[in-house]
Amino acid sequence: MCALAQENGAQLIMGKAVGITYAEIPEGGKHERAVAAVAYIDADSGESRTIPASHVIVSAGPWTPTILPQVPISSMRAHSITVRPTRPVSAYVLFTEITMPEPYSAASPEIYARPNNEVYACSPGDALPLPASTAEVQVDDEVCDVLFKQVSSISAELRGGELTARQACYLANVDAGPRGCPIVGEDEKVKGLIIAAGHTCWGICNAPGTAKVVSELILDGKITCGKFSKLEPRLFI
């Protein structure tokens with residue numbers, strides 16, 4: 001999708017966003033101020049630069065508060081593994097409750113069959129603090145090994161399979177507002193500032209719908225594809 005966007009004139013710039021600059025709006029309008037630019041550190045040169053902007057989408061998951069400290073999002077690390085089973089498995093998702101022998105006791109891994117003869121499994125999260133960037137996320141191999149033992153205990157195909165990846169990521173949890181909802185919409189006080197974050201582990205499912213909402217806000221000035229008032233930033237911030 002990125003390549004398609006570039007073919008149609010979009011430019012991809014790699015870097016680390018460090019802040020947003022704003023312009024004041026005369027009194028009497030709907031908003032108090034508007035976005036003016038994004039400040040970032042260029043990935044190639046390491047130089048500090050800015051990009052003028054009429055709209056800024058902050059969709060940085062658990063890192064969103066580093067740009068917008070007022071956004072009530074916290075983080076939780078979760079581990080996952082991928083396994084190549086001994087034979088193709090059915091296209092199902094399992095939400096499990098497994099009683100393991102000591103010292104592992106009860107466990108509740110989630111298991112997802114993928115179409116390329118691969119199975120993805122993830123475990124509950126922990127409280128390791130959020131690092132400065134995704135490049136610094138630490139993977140605990142022992143946690144991944146325990147997860148493999150858990151899913152292997154209920155499947156011979158997984159037990160004899162090949163463990164192909166050990167990985168970890170951070171989930172973005174919203175700590176205020178409507179329970180279980182991400183924050184999606186334009187800040188009512190800042191024109192052009194759009195927040196799309198806090199999807200927890202379901203961002204992979206909700207990303208296309210979120211992108212549709214955000215595109216309508218930018219291109220049409222309003223959302224027409226559905227009713228999303230419960231996700232508006234004003235209910236959370």
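This is a predicted model: local features need pLDDT of at least 70, side-chain atom pairs count only at pLDDT 80 or more; totals for chains, interfaces and linings use all residues.
View A. Beyond its neighbours within four places in sequence, Asn173 is in contact with Pro72, Ile73, Ser74, Ser75, Met76 and Thr200. Asn173 itself belongs to strand β11.

**View B. Domain 1 and domain 2.** Domain 1 is made up of residues 1-72 + 177-235, whereas domain 2 covers residues 76-174. Twelve residues from domain 1 and 13 residues from domain 2 take part in the contact. Taken over C-alpha atoms, the centres of domain 1 and domain 2 are separated by 31 Å.

**View C. Area buried between domain 1 and domain 2.** About 1,000 Å² is buried between the two domains, with 72% of this area on carbon and sulfur atoms. Within domain 1, the residues that lose the most area to domain 2 are Pro62, Trp63 and Thr200, which together account for 54% of what that side buries. Thr200 is also among the residues in contact with Asn173.

View D. The side of domain 1 that touches domain 2 consists of eight nonpolar and four polar residues, with no charged residues. The number of salt bridges between domain 1 and domain 2 is zero.

**View E. The aromatic pair of Trp63 and Tyr170.** The count of aromatic pairs comes to three. In the pair formed by Trp63 and Tyr170, the ring centres are 6.4 Å apart and the planes stand at 65°, so the arrangement is edge-to-face; planes over 60 degrees apart are assigned to that class. Trp63 is located in the loop between β4 (56-58) and α2 (64-67) and Tyr170 in strand β11 (residues 162-174), so the pair ties together parts that are 107 residues apart in sequence.

**View F. The salt bridge of Asp126 and Arg77.** Side chains of opposite charge can pair when their charged atoms come close. Nine salt bridges are present in the structure. In one of them, the side chains of Asp126 and Arg77 meet at 2.8 Å, N to O. Asp126 is found in the loop between β10 (118-122) and α3 (141-152), and Arg77 in strand β5 (residues 73-84); the pair therefore ties together parts that are 49 residues apart in sequence.

Conventions
Residues are numbered from 1 along each chain as its sequence is written. Side-chain values use heavy atoms; hydrogens and water are left out. Domain bounds come from an automatic or database domain assignment. Contact means heavy atoms within 4.5 Å. Buried area is the accessible area (1.4 Å probe) that two parts lose on being put together, summed over both. A salt bridge is a side-chain nitrogen of Lys or Arg within 4 Å of a carboxyl oxygen of Asp or Glu. Ala, Val, Leu, Ile, Met, Phe, Trp, Tyr, Cys and Pro count as nonpolar, Asp, Glu, Lys and Arg as charged, and the others, Gly among them, as polar. Rings of Phe, Tyr and Trp (its six-membered ring) pair if their centres lie within 6.5 Å; planes under 30 degrees apart count as stacked, over 60 as edge-to-face and the rest as tilted. Helices (H or I, at least four residues) and strands (E, at least two) are DSSP runs, numbered from the N terminus.
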